[in-house]
Amino acid sequence: MRDTIQPPGARLGDRGRRLLERGRRFDSEALLPQLASALVGGTLLTLGLRRGRLGGVAMALAGGGLLFRGTRTDQEPHVRKHGVVVRTLRRQRGRDTTVELTVLQRSITLQGTPDALYRRWRDPETLNQVMGHFAEVTASGDGLQHWKVPGVFGKALEWDAEVVEEHPGELLRWRSVGDTALPNEGWVRFRRAPADWGTSVTLRFVFDPPGGVVGEKAVKLLGALPSLLALKALKRFKSLVEAGEIPTTRPNPAAREGGYSS
Amino acid sequence: MRALCWNGINDLGVETVGDPRIVNPRDVILQVKMSTTCGSDLHFIDGYIPSMRKGDVIGHEFMGTVVETGPEVKKVHVGDRVVVPSFICCGSCWYCQHDLWSLCDNTNPKGELQEPLFGYQTAGIYGYTHAFGGYAGAHAQFVRVPHADTDCFQVPEGVTDEQALFLSDAVPTGYMGADFCGIQPGQTVAVWGCGGVGLMAQKAAFLLGAERVVGIDRYPERLKLAREQVGAETISYEEVDSVLDVLKELTGGRGPDACIDAVGMEAHGTGVVAAVDRARQALHLQSDRGQALRQAILACRKGGTLSVLGVYGVMDAFPMGVIMNKGLTVRSAQQHGQKYLPRLLEHVVKGELDPSFLATHRFSLEDAPRGYELFKKKQDGCVRAVFLPN
């Protein structure tokens, strides 16, 4: 589980090369870990941001970084938390810091063909609804998606993402572009399920925060929430496609919060 | 509007809350004509099932009139008199399409709360804890019904409100329990519990071809209903030394072909085991009192079927060895109401089924806490308390 120390500057370049390599091979199994990492990181990030505290943000970033690094190992994932495939990797950062890297992946099975579901996912409005529990995703021209996670110190965390790999009906990979506080990437994979189960969809997120890494603390503080973010995105996609709407109880009559609850 | 809210363990109050609104496009708003108590409500009222929040509107068995429809609602119209199964179902996921309605994938917005306990999420229910979705319940003047085209069933002319009311939960649950038994002509079915669900399971067992049905309870008025309204034979477990022995004698030593548990986690019982169960549950050393279930497993004939309708948490001290060595088939589910409602309505229209005798007491919504008290303590012969909110 030990990995070679990379100077921070070299990290991105190295990652890019690895991704490109994998992309050329198009070994979708190899790509999965990276996407999952991205998802997890995103979750962490979102949660941290939502907390609106510096600590939260730092945690989110750190968590994301961990996730991403985890993806770069070729270790088999193992289950660490409820229903979440997590992989960890200890990596030394700088001289005195060791961080635990975490990769997270979730899958869901839903009705529909891989082709139809892929097309649905590609609809920019779909992504906005699916990620709506933590981010606003809008088309920003030039084939870019604009991601906005509201509420960090009263400000939103934003980035543009571009599709870097596209295999219709099978796999879509995206990655943040330009200067952002939270470099990240993700992928989603569609595979036909057996019998009349439809399609299995797998989603990963990898976040790669810059600068100081809070690392293990971030993951611990966030607890199971990051996994929920990825899971919820998939569940929201499933309900949207199958049932035509995302279930909600908001607002809900109740004897609290002004006669309603959420 | 006014609604019955859970304010804490054994603390119910009628409160003024916000009116429900159309939130999703397949929603309708129902003006509730009747709602009724259910034994499974008692489990969270008593605090044995967690994830209620102070101020939640409860109630999951109801019927009423549609007063507003969302833009995607096609088959249901304002003014329709409908009955609604207690589980909220999308109608389009794999589970709904395979008639496993209470396992719907798409209606529980808080399914992740269930996954640590169950592995996977179930459908949402009205007014029944946040693990089951956190939807506002129907002991209220109005209730929001999602996926109305799938979940609202028109009540035909000639079927009364009270007959329709119990088709929401008690009747389909009981009917499903009997259906699980795969009853063959000439068979004997024993049913633990003579509350609403137990009585309906007994009735359904006859409708599905059972020759003899035995109801087991301890309240004389419930046993009387089983005899007089359903035609079952009855055993009062407090008046016999051994339910097992009585069932054996009733069946020539073979045992019932199928046994249905319509009691659940708050079973009463007699003897040391019941006392130990009760103490362990009170001390939170176990979530369930399994007396009725264990007795049903013991009494069932070899190679027979055990059908579990009672609500359980994470029960320990479960006699798996008995099930295994006797070759029992075990079937269980929360009710798949959407599967059974059309045929149940037919039974009612044809006069083969009239569940309205379950409604032993009526209250205005304002008196609902008293209704639950009566229902919980089974005072005054209360089988079901019906609330009229409007």
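Trainee: Which residue of chain B forms a salt bridge with Lys232(A), and how far apart are the closest N and O atoms?

Mentor: A salt bridge here is a side-chain nitrogen of Lys or Arg within 4 Å of a carboxyl oxygen of Asp or Glu. Lys232(A) pairs with Glu112(B), and 3.1 Å separates their closest N and O atoms. The rule finds 6 salt bridges across the interface of chain A and chain B.

Trainee: What should I know about the model and its numbering before going on?

Mentor: This is a predicted model, in which local features need pLDDT of at least 70 and side-chain atom pairs count only at pLDDT 80 or more, while totals for chains, interfaces and linings use all residues. Residues are numbered from 1 along each chain as its sequence is written, chains are lettered from A and ligands numbered from 1 in the order in which they are written, and side-chain values use heavy atoms, with hydrogens and water left out.

Trainee: How many residues does each chain bring to the contact, and how much area do the two chains bury?

Mentor: Contact means heavy atoms within 4.5 Å. Chain A brings 30 residues and chain B brings 43 residues. Buried area is the accessible area (1.4 Å probe) that two parts lose on being put together, summed over both. For chain A and chain B that comes to about 2,800 Å², with 48% on carbon and sulfur atoms. On the chain A side, Glu245(A), Pro253(A) and Arg256(A) supply 20% of the area buried against chain B, more than any other three residues.

Trainee: How many residue pairs are in polar contact between chain A and chain B?

Mentor: A polar contact is a pair of N or O atoms within 3.5 Å; within protein, one must be able to donate a hydrogen and the other to accept it, and residues adjacent in sequence count only if both atoms are side-chain atoms. Between chain A and chain B there are 23 such residue pairs, both residues being at pLDDT 80 or more.

Trainee: Which element of chain A gives the most to the side that touches chain B?

Mentor: Helices (H or I, at least four residues) and strands (E, at least two) are DSSP runs, numbered from the N terminus. Helix 7 (225-243) and strand 10 (252-253) of chain A each supply at least two residues of that side. Helix 7 of chain A gives the most, with 8 residues.

Trainee: What peptide bond leads from Arg250(A) to Pro251(A), cis or trans?

Mentor: Most peptide bonds are trans. The bond from Arg250(A) to Pro251(A) is cis, with omega near -10°. Pro251(A) sits in the loop between helix 7 and strand 10 of chain A.

Trainee: Into which domains is chain B divided?

Mentor: Domain bounds come from an automatic or database domain assignment. Chain B has domain 1 (2-169 + 335-388) and domain 2 (173-332). Taken over C-alpha atoms, their centres are 25 Å apart. Domain 1 of chain B puts 26 residues into the contact, and domain 2 of chain B puts in 23 residues.

Trainee: How much area is buried between domain 1 and domain 2 of chain B?

Mentor: About 2,300 Å², of which carbon and sulfur atoms give 67%. Tyr48(B), Phe357(B) and Lys378(B) supply 28% of what domain 1 of chain B buries against domain 2 of chain B, more than any other three residues. The count of salt bridges between these domains is 1. Lys339(B) forms a salt bridge with Asp179(B), with the closest N and O atoms 4.0 Å apart. Helix 13 of chain B gives the largest share of the domain 1 side, 5 residues.
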